Amino acid sequence: SSKVASTKFQKHMDRLRLKVEETKYSKLTGNLQDHRQDDDITAKSMTFAASVGLNMIVAPLSFGCFMYFFAGGVLDYLFASSNDNDDVLSS
């Protein structure tokens, strides 16, 4: 009977050791999930900031190209009447 009690006691002690190890492990690794979520949020905000920064470069360049190609036609349309009148008067 003491042998049976001894094996039960050993099993009980093994379970308690495993439980203690599991508790220590969960304390050590419990906060890793939260950091992973924080990293995702940080990556999303960095991606947004990068897209805004890139847009601050691309938008003026594209507007400048638009103005370069179309401003001549717009300015000719606005000021062509005064130039045409001058040409008619001088000739």
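D14, at 39% relative accessibility, counts as partly exposed, a class that lies between buried (under 20% relative accessible area) and exposed (over 50%), with a 1.4 Å probe and protein chains only. The model is a predicted one, in which local features need pLDDT of at least 70, side-chain atom pairs count only at pLDDT 80 or more, and totals for chains, interfaces and linings use all residues. Residues are numbered from 1 along each chain as its sequence is written, and side-chain values use heavy atoms, with hydrogens and water left out.

The partner of D14 in a salt bridge is R17, with 2.9 Å between the closest N and O atoms; the term denotes a side-chain nitrogen of Lys or Arg within 4 Å of a carboxyl oxygen of Asp or Glu. Both residues belong to helix α1 (residues 2–29), where they are three residues apart, about one turn of the helix. R17 is likewise partly exposed, because its relative accessibility is 45%. A search of the whole structure finds one salt bridge.

## Overall architecture

The chain contains two helices and zero strands. These elements are DSSP runs, numbered from the N terminus: helices are H or I runs of at least four residues, and strands are E runs of at least two.

Of the 91 residues in the chain, 1% are buried.

Three aromatic pairs are found in a search of the whole structure. In one of them, the ring centres of F66 and F70 are 5.1 Å apart and the planes stand at 45 degrees, so the pair is tilted. Rings of Phe, Tyr and Trp (its six-membered ring) pair if their centres lie within 6.5 Å; planes under 30 degrees apart count as stacked, over 60 as edge-to-face and the rest as tilted.

F66 and F70 are both in helix α2, four residues apart, about one turn of the helix. Ring pairs also link F63 with F66 and F70 in a cluster. F66 is partly exposed, because its relative accessibility is 45%.

## Nonpolar surface patch

F63, F66 and F70 also belong to a nonpolar surface patch with M67, Y68 and F69, and together these residues have about 760 Å² of accessible area. Patches are made of residues with over 30% relative accessible area and no salt bridge, with like charges joined within 9 Å and nonpolar side chains (Val, Leu, Ile, Met, Phe, Trp, Tyr) within 5 Å.

Y68 lies in helix α2, which covers residues 32–90. Y68 is exposed, because its relative accessible area is 67%.

Methods:
Accessible areas come from the Shrake-Rupley method with a 1.4 Å probe; for residues, only the protein chains shown count as cover.
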